[in-house]
Amino acid sequence: MLSRLMRTWRPRGHVNHGHGRIGKHRKHPGGQGNAGGLHYHRINFDKYDPGYFRKVGTRHYHLKRNQSFCLTVNLDKLWTLVSEQTHVNAAKNKIGAAPLIDVVRLVYYKVLEKRKLPKQPVIVKAKFSSRRA
């Protein structure tokens, strides 16, 4: 490339090469990376990444997620857990006792309301259930 087309050609001979005496052209004038997040770059951090600093919430030492694990089943899937024969017998027996579906025995602990059950009475035994179920 021709030297007269280079960016440095015109400022040759001028002390600061167009970067000024006071501000100066230094390598990292604001610090590197996330420097100054709590001090001179605070406005920027608060504007574009609120909540970047400080802790929030309660500490739970030695958290074991297995203890809160809970398999769920939806209402519309309840009849798939029992045999077809139970379903047919319950449909025939209009006045008698409603069939009992024990979801805990089938390793489900929580029953959730999704869609609706058939218009057929049934007793569901579970440890937990959602409010609408």
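A residue counts as exposed when its relative accessible area is over 50%, as buried when that value is under 20%, and as partly exposed in between. Met1, at 79% relative accessibility, is therefore exposed. Please keep in mind that this is a predicted model.

**The nonpolar core**
- The largest nonpolar core has 9 residues in all.
- Its members are Val73, Leu75, Leu78, Trp79, Ala90, Ile101, Val103, Val111 and Val122.
- Val122, one of these core residues, is in contact with Trp79, Ala98, Pro99, Ile101 and Leu117, leaving aside neighbours within four places in sequence.
- Of those contacts of Val122, Trp79 and Ile101 also belong to the core.

**The sheet**
- In what order do the 3 strands of the open sheet stand? The order is S1-S3-S5, and the pairing is parallel.
- Strand S1 (72–74) and strand S5 (128–129) are at the edges with a single partner strand each, so one side of each has no neighbour in the sheet.
- In general, the strands of a sheet pair through backbone hydrogen bonds, in either a parallel or an antiparallel way.
- Strand S3, made of residues 110–112, is joined to S5 by 2 bridges, and the two run parallel.
- Which residue of S5 does Val111 stand opposite? The residue facing Val111 is Ser129.

**Before helix H1**
- Met1 lies in the segment before helix H1, which spans 42–48.
- Together with Leu2, Leu5, Met6 and Trp9, Met1 makes a nonpolar surface patch of about 580 Å².
- Gly30 is also placed in the segment before H1.
- Is Gly30 buried, partly exposed or exposed? Its relative accessibility is 27%, so Gly30 counts as partly exposed.
- Not counting residues up to four places away in sequence, Gly30 touches Ala35, Tyr40 and His41.
- Between Gly30 and His41 there are 11 residues of separation in sequence, and their C-alpha atoms are 8.6 Å apart in space.

**The loop between H1 and S1**
- Arg54 sits in the loop between H1 and S1, and its relative accessible area of 63% makes it exposed.
- His60 has its place in the loop between H1 and S1 too, and is exposed at a relative accessible area of 56%.
- His62 is another residue of the loop between H1 and S1, and it counts as exposed at 63% relative accessibility.

**Positive phi angles**
- Most residues other than glycine have a negative phi.
- Arg54 has a positive phi of about 75°, although it is not a glycine.
- His62, likewise a residue other than glycine, has a positive phi near 50°.

- Ser130 is found in the segment after S5.
- Which residues does Ser130 touch, not counting those up to four places away in sequence? They are Lys110, Val111, Leu112 and Glu113.
- Lys110, Val111 and Leu112 among these contacts fall in strand S3, residues 110–112.
- The C-alpha atoms of Ser130 and Lys27 are separated by 60 Å, and the two residues are 103 residues apart along the chain.

Methods: Residues are numbered from 1 along each chain as its sequence is written. This is a predicted model: local features need pLDDT of at least 70, side-chain atom pairs count only at pLDDT 80 or more; totals for chains, interfaces and linings use all residues. Side-chain values use heavy atoms; hydrogens and water are left out. A nonpolar core is a set of buried Ala, Val, Leu, Ile, Met, Phe, Trp, Tyr and Cys residues joined through side-chain atoms within 4.5 Å. Buried means under 20% relative accessible area, exposed over 50%, partly exposed in between (1.4 Å probe, protein chains only). Contact means heavy atoms within 4.5 Å. Two strands pair if DSSP finds at least two bridges between them. Helices (H or I, at least four residues) and strands (E, at least two) are DSSP runs, numbered from the N terminus. Patches are made of residues with over 30% relative accessible area and no salt bridge: like charges are joined within 9 Å, nonpolar side chains (Val, Leu, Ile, Met, Phe, Trp, Tyr) within 5 Å. Accessible areas come from the Shrake-Rupley method with a 1.4 Å probe; for residues, only the protein chains shown count as cover. A salt bridge is a side-chain nitrogen of Lys or Arg within 4 Å of a carboxyl oxygen of Asp or Glu.
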